[in-house]
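Subject: The two-chain model, and what I found in it

Hello,

I am handing over the structure that we talked about, and I would be glad if you read the notes below with it open beside you.

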Amino acid sequence: MKTLATETLKTPMTTDFDPQDRGGPAQPLLVVNNLKKHFPVRGGFFAREKKFVHAVDGVSFAVAKGKTLGIVGESGCGKSTTARLIARLMAPDSGSMVFDGDGVAEYGGMALKEYRRNLQMVFQDSFASLNPRMTIVDTIAYGPQVHGMEAEKAMTEARELLSRVGLEPDQFASRYPHELSGGQRQRVNIARALAFHPRMVILDEAVAALDKSVQAQVLNLLQELKAENQLTYIFISHDLHVVHYISDEVMVMYLGQVVEQGPVEKIYSSAAHPYTRALLSAVPSMDPAHRTQHSPLSGDPPNPINPASGCRFCDRCEFTQDVCKSTTPSLKLVQGESEHVVACHMNDQHSGYTRQGAMR
Amino acid sequence: MNKPLVSLKDLTVQFTGNRKAKALNQVSFELAQGEVLGLLGESGSGKSVTLRTLMRLHPERTTSIGGSIQVAGQDVLGLKGSALDQYRGAVASMVFQEPGLAFDPVYTIGQQMVEAIRAHEGVDVKTAFTRSLQMLERVQIPQARRRLDSYPHELSGGMRQRAMIAMSLVCRPQLLLADEPTTALDATVQIQILLLLRELQKETGMSVIFVTHDIGAAVEVADRIAVMYAGRIVEMGDVAQVVKQAQHPYTQGLLASTVKASDKGKVLMAVPGSPPNLANLPAGCSFAPRCSHATEKCRQDIPQTVLTGDSSLSCWNPVRMWQDVS
Amino acid sequence: MDMNLSLTSSSIAAPTQSRSYWHVVARQLRHEPVAIASAFVLFLIVMAAVFAPWIAPADPFKASMLKRLLPIGSSGFWLGTDELGRDMMTRLMYGGRLSLVMGVVPVFAAFFIGTSIGLFAGYVGGRINMVIMRVLDVFYAFPSVLLAVAISGALGPGMSNSLIALTLVFVPQVVRVAESVTTQVRQLDYIEAARLSGASAFSIIRFHVLGNVLGPVFVYATGLLSVSMILASGLSFLGLGVKPPEPEWGLMLNTLRSAIYSNPWVAALPGALIFITSIAFNLLADGIRSAMDIRR
């Protein structure tokens, strides 16, 4: 679907052969194909029709090695569920995943436990992510021990990791989570994820609950760690500024589907989907002389229960036409571009959408 | 100049219960009729405590309050009993961060709004009901009539927040206290609520104190901004002045660490360290341990607050020096 | 430029004392005067019971019809004598052994059995959980006294049968608490993080779930101690537990019933001890619960 851009980041040039890298630099690290997850809605004993929440409804994407994919969307779009499906915390109803050329949890593919060493996750709630009755060094050391490391070695490494994320081991190692601030706890969560030496880290709203000044510290830390350890990130957030800062590619989700995906600068400068544009213009202005005068969208993001056919955004979209209600648009390349895709009839010449009144 | 609607002088709040903390320290500001003040700060800055003190929401036994608060000519700290009940809702009203928690889940929206109206004014149920309906329509809730008979959990997040705003305005208060009303909402809903607040403020002419940690939200609604840190106001001024020409190192740090498009590819300017422990504040300026401009004087003496018209600055070593007006 | 490192956290002092969880709990217990007082009282009672053969003034079985129902303060019999002339103080001390055992053992047994079942049901969830909980609900639906009496009656009198009966009464209650806490804990992010580490279910339960479940269950179980004492005494009172002439507080209450008009103080003594022990357990449990709140 997409080609890998080979632009260089500010990563240190490494010519060593990385024994973990099986597929080579051109192979995407993670390819996700048509993931679906529907949750049943409890309708009561006498409900005739079974309703489902279409949390994730046919999501496909690929993440290149060493890059950061940002996933944005509002409540109900399915980004957190997608994260949990990728991390295999729950099994998808259908769809497949390929990690560096190996199928995940499939016949002949990678075993789940091995997958767990390659992919880790940092959650939003820094306090709920830590066992309140374990000291933080024990928490960090737990993971490697599960995979067979001896206790002493695991503790030493845990202390080193604490130091690397900016927490002095002598002061912090034997503390409990409630004795740390939010930013410090999130650093512990990052250290715990790194203890596995993973290749990919999913950051599910990892900085959302932090104060802004602390957020910047943690973002800096994440960038440093990414460069040092050749990590690949999937960064999920509702904060568009932060996503812009940290991502190389951005994926926009709405009601369980991907509506747009592409390189970060393209998305932010020339977004093709009306929802993306609305999202971008909903960010509050920082200039008191030019305050926002009109809200781009009205109403709340809907709940994806038994969605109707057709484009899911059509009842809130200002460009909607009949074809939008009847046919679901699929992801297609934006005209004139090679890596930017959008799911919108306005973009598709063969969709039946009439050109009058189109955006541009 | 007209007498200000709200006047806080040297407000000091200390919690003496299970968790001891010095939450507010000599906080002073004034708010004119019809003005919107944005209180900006992070966790532990004291911004929510200020609002709660304005509404007298802290438990009396474990809170020791010093200083004075005047709202619409009343001494708020001295109010008791039914005078206090009348004050809450009719003079000053509050909008909370979590709309789901501020409503009673076992009563409909309509019932709660009618109760609020009838607690303050002696009107009959029908009149109260009509006013509630008008208020709901004013906050642009679609199908307002149906919403009056809905329970809070049947509304989505944005709708609940609108309903809460409606409920807080239904008794026509002169002062609206908004405690992070948009923090828990999605971006597209947040901007709708911010615009709504701006409209309602212009229409009713009420004063608003808007607490937030998001500078963008403050810029959208506020006329003036006061930046708080560790229980003090460190800088206050006109919104354009504070955002574009910040003088206090903390304000500058806060503005710099707010991620912008131009930051891409660079290391972010982060304020090092963490917010201080309110039970154990350092001597001198509370921000000194994290400040790159700090001098010996900063570490020893608490900075004086310099007032210049409507603005104030509390720093020994600000980023830009004021011109001497002496 | 390293702006992230060296967090100058002057805000939180480095810990200087032992950080192990139970040391922390013990330290915090020092701030609970009521709990300490209760523990002391219990200590006295337990010591009196344990060392009864050495410190008791008389033989608990030696009866004397001449000396029956002597009042409190009689010479040689400080707490009086019972309806068969046996020294009350001795009988109360010896009685403590059986009463305490009958109170404590079922709770411990129920704690272990109940926590295991509850952990399993809570972690596994789904249909298996439902089946287990509904089966236990049947037992839970009976008032505990009735259930204890019924099971005890079916098994027959005797101390071991009462122990079994009481254990069976308490297990559903403990399972209920354990299952509920396990279900809550299981949904928290740190359990998901543990699953992400590739750990087996057993390892997760052992390291992450158990520690957080034991706390509330332990508190609930210590609260059961007082109930257990009373139920045990009740069973003996009804003739379903210990048989005469064994001294046991509940049984003594029964046999002293007839003396309640002639010598009410002596007749009330076993009841007073049941009451004191029960309350002491209760207050101690409260204190432990406070101390276990790790955030203080």
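Two strands are said to pair if DSSP finds at least two bridges between them, and the helices (H or I, at least four residues) and strands (E, at least two) are themselves DSSP runs, numbered from the N terminus. This is a predicted model, in which local features need pLDDT of at least 70 and side-chain atom pairs count only at pLDDT 80 or more, while totals for chains, interfaces and linings use all residues. Residues are numbered from 1 along each chain as its sequence is written, and chains are lettered from A and ligands numbered from 1 in the order in which they are written.

Let me begin with chain B and its open sheet, where four strands stand in the order β2-β1-β4-β5 with antiparallel pairing. Strands β2 (21–31) and β5 (74–75) of chain B are at the edges with a single partner strand each, so one side of each has no neighbour in the sheet. Strand β1 of chain B, residues 6–15, runs antiparallel to β2(B) and is joined to it by seven bridges; in β2(B), B:Leu24 is the bridge partner of B:Val13. Helix α1 of chain B (residues 47–54) packs on this sheet and touches β1, β2 and β4 (63–71) of chain B, and its direction makes about 70° with that of β2(B). Two residues are in contact if their C-beta atoms, placed from the backbone, lie within 7 Å, and the angle is taken between N-to-C directions, from 0 to 180 degrees, along lines fitted to C-alpha atoms, which for helices cover the stretch in contact.

Is strand β7 of chain B (residues 175–179) enclosed or left open? Five of its five residues are buried, so β7(B) is largely enclosed by the rest of the structure; a residue counts as buried if 20 or more other C-beta atoms lie within 10 Å of its own, as exposed if 12 or fewer do, and as partly exposed in between, with C-beta atoms placed from the backbone. B:Leu175, B:Leu177 and B:Asp179 lie on one side of β7(B), and B:Leu176 and B:Ala178 on the other. Strand β6 of chain B (residues 92–95) runs parallel to β7(B) and is joined to it by four bridges, with B:Ala178 as the partner of B:Val95. Strand β8 of chain B (residues 207–212) also pairs with β7(B) in the parallel sense, over five bridges, and there B:Phe210 is the partner of B:Ala178.

Taken as a whole, chain B has 12 helices and 12 strands. Its radius of gyration, taken over C-alpha atoms, is 21 Å, close to the 20 Å that the globule rule gives for 326 residues, so chain B is as compact as a globular protein of that length; the rule is 2.2 Å times the number of residues to the power 0.38. Buried residues make up 48% of the chain.

Five of the five residues of strand β3 of chain A (residues 68–72) are buried, so β3(A) is largely enclosed by the rest of the structure. A:Thr68, A:Gly70 and A:Val72 point one way from β3(A), and A:Leu69 and A:Ile71 point the other way. Strand β8 of chain A (residues 232–237) runs parallel to β3(A) and is joined to it by five bridges, while strand β9 of chain A (residues 249–254) pairs with β3(A) in the parallel sense over four bridges. The partner of A:Ile71 is A:Ile236 in β8(A) and A:Met251 in β9(A).

Most residues other than glycine have a negative phi. A:Asp100, however, has a positive phi of about 50° although it is not a glycine; A:Asp100 lies in the loop between β4 (94–99) and β5 (102–103) of chain A and is buried, with 21 other C-beta atoms within 10 Å. A:Asn306 has a positive phi of about 40°, and A:Asn306 is partly exposed, with 13 other C-beta atoms within 10 Å.

As for confidence, pLDDT is the predictor's confidence in each residue, from 0 to 100, and chain A averages 84, with 89% of the residues at 70 or above. Among the elements of chain A, β3(A) has the highest mean pLDDT (95) and β5(A) the lowest (80). Please be careful with residues 1–16 of chain A, over which pLDDT stays under 50.

Finally, the contact between the chains takes 39 residues from chain B and 35 residues from chain A. Helix α8(B) gives the most to the side of chain B that touches chain A, with seven residues.

Best wishes
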